[in-house]
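Subject: Handing over a structure, with notes

Dear colleague,

I am passing a structure on to you, and I would be grateful if you could look through it alongside the notes below.

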Amino acid sequence: MRFSVRLYCSVTKRIGELTKQYANLPEKYIERATEQVEWKTPNRINYLPRTVKKQPWQFRFTTNRPWSDEFRRQNEGFVRRPVFVEPIKEWMIYRGDRVEVLVGRDRGKQGIVSQVIQERNWVIVAGLNTHHRRMGARKDYPGMIIKSEAPLLVTTQVALVDPSDNKLTKVEWRYTEDGERVRVSLRTGRIIPVPHAAEETMDYKSRKAYVETDKDTPAAVVEAITYEPKLKTFEMEIMEEMGIKEDRVPKKTYWY
Amino acid sequence: MASLSSLTRSGSSGTIRMVGGLLFSNLNPCRQISVSSTLMGKRNVRKFFLGNKRGTKLFRRDQAKGKTPWAPIYSEVKPTGFMYDDVWHNVPEMIPEIIVPDLTDCKLKPYVSYKTADIYQTEFTAENLFEAVYKSKIIQDFKENKLDEHGNPLEPNDLEKLTPDEAWVLARKTGSDIFSEREPKLWECLEKSLIDEEPPEIAVRSDDLTHPSEIPTRPQKKFLKN
């Protein structure tokens, strides 16, 4: 198999970094939950290990998270025509950013990004670019009408807003004198800081705001230095602690 | 009669498309005349999870009892004994002993809190160990003028009295094989300075009656730095 093909053999490599960061799930779990194994040889000596599974490029990423059940249902069945996603070198927009919509009914309006879907270059702005859909309709019950936002493309349909004058601007990643990587507006030169909501994950809003549970080792215990340097090898220290005494002296060995 | 039968054989791609009589799987053309032989064949294990249902019921019944030594039930569980003359002998030593340390008063839990700061630690070198062990004593001796002209202590403590041979013996008493690997040669391109290379030690054989002090030593080669 070609090396370039080998690199993309797992689905997790096609999932965006921001998606994985928000989930806070181990990569192995994401891989296991996303991949759709069609058939696997039994784990027995008379079988060679062979797995037949859906190829990573056959997955079409949606607004649902890749490890969720809805995503699996959307991707099972026949393989759809692939969607072409423009590869972006440097990702500009984070969750919590103020952004202006450029297309659609809400063009010109500004909103805050509530979700980023890197795999499709999508961004969901809260309250903008919405449509109505009906849920839970039955024979006697007409159903509930829900307003839901549609995703917008990061490249063409949305632009970051400069906080100094609240107007849209093009942005570039640059380094400050301290070596910090920041987004700079090309029009005014003002630094647009990464919002605090970008730090949010499924487990916490911010690391400081995390509430420790029973199974968590407290931060103080983890950061405490308990190592005491001694002039003993690892085995000597253990023998001392366990109370093992050894008086035999081994003979010297030589290399010829 | 040769006939092309369309089948939903999913290999690496989803479905197969029939285009003009040719089968296209993953856009690679492949021809087959009849596939019923492969599907119905004995060696076709691809899409069928045979699991434990292979063989007749009577065979599987005997297999469970162990009456089919030519086809045992494959299991990865290791035996805790052996069979000798159709008699099973249990060996208690073969039962694995799981040693779990005593976890009372252990503050560590299975997970780490997200609040912990990112910890970066530099390498703990031999120099750091020397400082931790000897530094305070040396400073104390220096202040009290208990060091001789070469800087050696006049009242050495136990750690300062330790010689390299004694240290070697203490380290090897544990039964480990530390310090038993040979010194790398010049041409073996390991991380060794070529400038400070010492000649290899000549081993003393047991039947050699010459005293070590009478063995002629090789002249020390000194490499120029530039």
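Predicted model: local features only at pLDDT ≥ 70, side-chain atom pairs only at ≥ 80, totals over all residues.

Residues are numbered from 1 along each chain as its sequence is written, chains are lettered from A and ligands numbered from 1 in the order in which they are written, and side-chain values use heavy atoms, with hydrogens and water left out.

The interface

Between the two chains, 46 residues of chain A are in contact with 49 residues of chain B, where contact means heavy atoms within 4.5 Å. The area buried between chain A and chain B is about 4,300 Å², and carbon and sulfur atoms give 63% of this area; buried area here is the accessible area, taken with a 1.4 Å probe, that two parts lose on being put together, summed over both.

On the side of chain A that touches chain B, the elements that give two or more residues are β1 (37–40), β2 (51–53), β14 (216–217), α5 (219–223) and α6 (234–242) of chain A, and α5(A) gives the most, with 4 residues. Helices (H or I, at least four residues) and strands (E, at least two) are DSSP runs, numbered from the N terminus. One of these elements, β14(A), pairs in the parallel sense with strand β6 (residues 111–112) of chain B over 2 bridges, and A:Asp216 has B:Tyr111 as its bridge partner in β6(B). Two strands pair if DSSP finds at least two bridges between them.

The sheets of chain A

An open sheet of 6 strands has the order β8-β5-β4-β3-β9-β10 in chain A, with antiparallel pairing. Because β8 (152–153) and β10 (167–168) of chain A stand at the edges with a single partner strand each, one side of each is left without a neighbour in the sheet. Within this sheet, strand β3 (residues 98–101) of chain A is joined to strand β9 (residues 158–162) of chain A by 3 bridges, and A:Glu100 stands opposite A:Ala159 in β9(A). A:Glu100 also has a bridge partner in β4(A), namely A:Gln110. In the hairpin of β4(A) and β5(A), with 4 residues between the strands, A:Asn121 takes a positive phi near 60°.

A second open sheet, of 3 strands, has the order β11-β12-β13 in chain A and is antiparallel in its pairing. β11(A) and β12(A) pair over 5 bridges, and in their hairpin, which has 5 residues between the strands, A:Gly179 takes a positive phi near 95°.

With best wishes
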